[in-house]
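This briefing is written to be read alongside the sequence and the 3D view. Please keep both open and find each named residue as it comes up.

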Amino acid sequence: MGRRNNNGSLFHQLINAPGLMERQDLSQPVSFQTKENYFNWCHKAAAVFKSYGIRNLSEIGKDEIQRYENRLESEGKSASTIHNYLVPICKATGIAIKDIHKPIRASSEFKRSAGKGRGDGGKPAELNKYLGLREGDLKRLRGDSLIYKNGHCYVIVDKGKGGKYQEQRVCDKDVAEVEKFFDGSHRKLFIAGDFGRNFDYHAQRREYAMNICAYYTE
């Protein structure tokens, strides 16, 4: 271990791993923000792995990633941050992120730093961990916004970004939990008091995207 090959630096090998910068279905590249995040997180990981004497991507296995996770915990990183840092590394190496022992993320990690309000995000956050919608989209949901097509479950987003009609597919493993929130009526699911003024729903949306990415790469 520690012998350099002709593939360039470890950071270069990580960011150029096949499929890293593509969405799970390989239909298009990841977003610009995700790409920037992956660059930053891979840069940090490469520096740590190099301190372990690792110079080649092929030398990074489950044990090495677990050692990296342990270091992140010792640095005081939150469960959500640790998960995010591990996603591109697991994706690049082909190691299932579920096989890495890590702290469980809590909704309280999405609490904004200023102001007062419900730190847990209330009922909207409970539903949104399965959907990853914007706060405005959550406010427009109704009891009959759940539909089924071709054996899959979708949530109707009346006016998504840009004011367009959208249908958000529910991950098959989450359908039973999501169905509990919809009663088939045309009443709005949530009232203003249900929302946490101090809760970062946008951060939860990012977290959902990372979770889905990790789920389909496991």
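In this predicted model, the axes of helix 2 and helix 4 come within 9 Å of each other and cross at roughly 80 degrees.

**How helix 2 packs**

- Two packed helices are described by the angle between their axes and the distance between the axes.
- On the side of helix 2, the contact with helix 4 is made by Y38, W41, C42, K44, A45 and F49, while helix 4 contributes N84, Y85, V87, P88, I89 and K91.
- Helix 2 also meets helix 3, which covers residues 62-74, and here the axes come within 11 Å and cross at roughly 105 degrees.
- Helix 2 is therefore roughly perpendicular to helix 3.
- In this contact helix 2 uses W41, K44, A45, V48, F49 and S51, and helix 3 uses E64, I65, Y68, R71 and L72.

**Aromatic rings**

- A pair of aromatic rings is described by the distance of the centres and the angle of the planes.
- How many aromatic pairs does the count come to? With ring centres required to lie within 6.5 Å, the count comes to 8 aromatic pairs.
- Because W41 lies in helix 2 (residues 32-51) and Y85 lies in helix 4 (residues 79-93), the pair ties together parts that are 44 residues apart in sequence.
- W41 counts as buried because its relative accessibility is 12%, and Y85 is buried too, with a relative accessible area of 16%; the cut-off for buried is under 20%.
- The rings of F199 and Y201 have centres 4.7 Å apart and planes at 65 degrees, so this pair is edge-to-face.
- F199 and Y201 are both buried, and together with F190 and F195 they form one aromatic cluster.

**Charges over rings**

- The charged end of R67 sits over the ring of Y52, at 3.6 Å from the ring centre.
- The charged end of K139 sits over the ring of F195, at 5.5 Å from the ring centre, and F195 belongs to the aromatic cluster described above.

**A loop residue with a positive phi**

- Most residues other than glycine have a negative phi.
- N150 is not a glycine, yet it has a positive phi of about 50 degrees.
- Where is N150 found? N150 is found in the loop between strand 1 (146-149) and strand 2 (152-157).
- Is N150 buried or exposed? N150 counts as exposed because its relative accessibility is 77%, and the cut-off for exposed is over 50%.

**The chain overall**

- The protein chain has 8 helices and 3 strands, and from the N terminus on its elements run α-α-α-α-α-α-β-β-β-α-α.
- Of the 218 residues in the protein chain, buried residues make up 42%.
- Among contacts in the protein chain between residues at least 6 apart in sequence, 66% join residues at least 24 apart.
- The accessible surface of the protein chain comes to about 12200 Å², and 47% of this area belongs to carbon and sulfur atoms.

Methods: Residues numbered from 1 in each chain as written. Predicted model: local features only at pLDDT ≥ 70, side-chain atom pairs only at ≥ 80, totals over all residues. Heavy atoms only, no water. Phe/Tyr/Trp six-rings, centres within 6.5 Å; stacked < 30°, edge-to-face > 60°. Helix = DSSP H or I, 4+ residues; strand = E, 2+ residues; numbered from the N terminus. Buried < 20%, exposed > 50% of the residue type's maximum accessible area, 1.4 Å probe, protein only. Lys NZ or Arg CZ within 6 Å of the ring centre and 35° of its normal. Contact = heavy atoms within 4.5 Å. Areas by Shrake-Rupley, 256 points an atom, 1.4 Å probe, with all protein chains shown as cover. Axes fitted to C-alpha atoms, helices over the stretch in contact; angles between N-to-C directions. Parallel < 35°, antiparallel > 145°, perpendicular 65-115°, else oblique.
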